[in-house]
Number of protein chains: 2
Amino acid sequence: MNALIILAHGSRREESNIEIKNLANKVKELAGSEYNIIDYAYLEIAKPSLLNCIDNLIKEGTKNINVLPYFLNSGIHVTKDIPKIIETASIKYPDCHFKVSNCIGLTEEMPATILNHARL
Amino acid sequence: MNALIILAHGSRREESNIEIKNLANKVKELAGSEYNIIDYAYLEIAKPSLLNCIDNLIKEGTKNINVLPYFLNSGIHVTKDIPKIIETASIKYPDCHFKVSNCIGLTEEMPATILNHARL
């Protein structure tokens, strides 16, 4: 079983957290059979935390987890905090394979996504 | 003359600000003749500010400015702070047409962008 976790920063503003939940639902609709589970988690402030999300996925039998940092820049959260949490998770669950993508802001598609979005 | 401004939050971490500058350059390469100018600005911390960026574009003869908020969520910055600055700019430059896009995180392409990025 494989899973994709969309990992956002987390906000004190509940509407922003709900936007992440809605985004995860849209990704789920689009993904078809590519992932068994598409989930979301927050690095700070909101719940579930990344570790709690991983705990739940492992309980459900997940063996491959892809963490996608939903951040625009490769700051400390992306370069230090997230890898540290994944290191902890890898020690706790040695039979699970973890992959951490680069942050979404640095994806190669972003320039085209920006231009398309600006046209609307 | 028309211009697109990629408006980021701005960071104390200079590398993050440089990522925005590099992104604007990539958008420029991809845009062809769609815009006369593609520029970037920061809402806080870093420079140029949005108003300074607009001042410069107007000096260069720009009559249409599209501001693209490079933010993941529709928080206070997107719903209040940016519209307020654009209101000020519209009063200062009544002959220029301003359009403010929704934040990039809410673009319809985002679920597909996430799935494609996670495959890398």
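This is a predicted model: local features need pLDDT of at least 70, side-chain atom pairs count only at pLDDT 80 or more; totals for chains, interfaces and linings use all residues.
## Helix 2 of chain A

Helix 2 itself spans residues 50-59, and its buried residues are A:Leu50, A:Cys53, A:Ile54, A:Asp55 and A:Leu57. These buried residues pack against strand 1, strand 2 (37-42), strand 3, helix 3 (76-92) and strand 4, which belong to chain A.

## How the two chains are related

Chain A can be laid on chain B by a rotation of 180° with 0.0 Å of shift along the axis, giving an RMSD of 0.0 Å. That is the relation of a two-fold axis. Both copies use the same surface, since 100% of the contact residues of chain A recur in chain B.

## The interface

Each side brings 42 residues to the contact. Together, chain A and chain B bury about 3,700 Å², with 63% of that on carbon and sulfur atoms.

Two salt bridges link the chains; one joins A:Glu34 to B:Arg119, with the closest N and O atoms 2.8 Å apart. There are also 27 residue pairs in polar contact across the interface. On the side of chain A that touches chain B, helix 4 of chain A gives the largest share, 10 residues. By class, this side has 23 nonpolar, 12 polar and seven charged residues.

## Helix 4 of chain B

Seven of the 10 residues of helix 4 (110-119) of chain B are buried, so this helix is largely enclosed by the rest of the structure. Among the buried ones are B:Met110, B:Ile114 and B:Leu115. Their cover includes parts of chain A, such as helix 1 (14-31) and helix 4 (110-119).

Conventions:
Residues are numbered from 1 along each chain as its sequence is written. Chains are lettered from A and ligands numbered from 1 in the order in which they are written. Side-chain values use heavy atoms; hydrogens and water are left out. Copies are superposed by least squares on the C-alpha atoms of residues with pLDDT of at least 70 in both. Contact means heavy atoms within 4.5 Å. Buried means under 20% relative accessible area, exposed over 50%, partly exposed in between (1.4 Å probe, protein chains only). Helices (H or I, at least four residues) and strands (E, at least two) are DSSP runs, numbered from the N terminus. Buried area is the accessible area (1.4 Å probe) that two parts lose on being put together, summed over both. A salt bridge is a side-chain nitrogen of Lys or Arg within 4 Å of a carboxyl oxygen of Asp or Glu. A polar contact is a pair of N or O atoms within 3.5 Å; within protein, one must be able to donate a hydrogen and the other to accept it, and residues adjacent in sequence count only if both atoms are side-chain atoms. Ala, Val, Leu, Ile, Met, Phe, Trp, Tyr, Cys and Pro count as nonpolar, Asp, Glu, Lys and Arg as charged, and the others, Gly among them, as polar.
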